[in-house]
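Work through the exercises below with the sequence and the structure at hand. Each task is followed by its solution in steps.

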Amino acid sequence: MKPVKDVKLWPGMKISDLLDQLEDSGGFAAKYLGAAARILKAMLKDGECVRFLSFVAAPIATGLRGVLAEVVKRGLFDAIITTCGSLDHDIARALSNYYNGDFWLDDAELREKGYHRLGSVLVPLESYGPAIERFMQELLEEAYGEGVRELGSCEVADLIGRRLQDENSVFRWASARGVKVFVPGIMDGAVGTQLWLFQQKHRDFKLNLFRDAEKLAEIVFRAKRTGALMIGGGISKHHTLWWNQFKDGLDYAVYVTTACEYDGSLSGARVSEAVSWMKVKPDAMKVTVYGDATIVVPLLVAGALEADQ
């Protein structure tokens, strides 16, 4: 039994000082945020741990993109597992701007004016589909001209990252730092559609996801320990867990989610459920944090960076 401790604030305090107090504060989601900060710091300090970062696409449409780019730039993670939409948004934002909007805007009116709405973010139509099409077709034609006939999703992501010049691009820094990016659902988005359209013109061009499996196997089976920060759910979260079951599960696991477990979904499943599937070890340092990733993750990363100074 630990007594509930009041959180203390003082002028000039660090974010890490605040996070360090939350686990003993007794409530409510803050308790788990404090635990996540402790686990993330331990994972980042473990020199024998291979670290995975998984995230869904929506955060890349927001300012959280800059936070994720920073952790990749600093070499805090060794592999990324994400969705096709993350590639889409990273390309689109590297080429033009997204804009602040509101959840309660009139979507029919936005459609007439040429905007997509992603939550409280406005995406100009011309900044998305047409821009990604031009970017991808030029990239693929160039690679094809150099003799490329087959790619895994990690190689597609690397080609994209090498071509992007935006300092806030997650995949630019992944390419620059040699961080492997895996996109198991790569056909589910604008980049995937452009791969298919390119293949209509060049029938000998192939997408081979077995190449990803070979690289993931090398990463997982050679690791002494593994850990993961998983933002959101869906295929990126599951693929991270799935591959780590082959070494009896993750040694460190931090979930950040807003999904509910009571519909049986993978997105809502707590980290404890993954123990039964051997995707997370029973004695792993693990926690599920319920909260908006655009709030939770910047706090976690800022605290970890302060602790590392």
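A pocket is an open set of grid points with protein on both sides within 12 Å along at least five of seven lines. The model used here is predicted.

**Exercise 1.** Find the cavities of 30 Å³ or more and describe the lining of the largest cavity.

Solution. 
- Step 1: The search of the whole structure gives one cavity of 30 Å³ or more.
- Step 2: The largest cavity has a volume of about 40 Å³.
- Step 3: Its lining consists of Leu40, Leu44, Val71, Leu76, Phe77, Leu229, Val301 and Ala304.
- Step 4: The elements α2 (29–45) and α13 each supply two or more of these residues.
- Step 5: The lining of the largest cavity counts eight nonpolar residues, no polar and no charged.

**Exercise 2.** Decide whether Cys84 is in a disulfide, and whether Cys84 is buried or exposed.

Solution. 
- Step 1: A disulfide needs two cysteine sulfur atoms within 2.5 Å.
- Step 2: For Cys84 the nearest cysteine sulfur belongs to Cys154 and is 14 Å away, and Cys84 is in no disulfide.
- Step 3: The whole structure has zero disulfides.
- Step 4: Cys84 has a relative accessible area of 1%, so Cys84 is buried.

Terms used
Residues numbered from 1 in each chain as written. Predicted model: local features only at pLDDT ≥ 70, side-chain atom pairs only at ≥ 80, totals over all residues. Heavy atoms only, no water. 1 Å grid on protein atoms, 1.4 Å probe; cavity = no way out; pocket = protein on both sides within 12 Å on 5 of 7 lines; lining within 4 Å. Points joined across faces, edges and corners; volume = space filled by probe spheres on them. Helix = DSSP H or I, 4+ residues; strand = E, 2+ residues; numbered from the N terminus. Nonpolar A, V, L, I, M, F, W, Y, C, P; charged D, E, K, R; others polar. Buried < 20%, exposed > 50% of the residue type's maximum accessible area, 1.4 Å probe, protein only.
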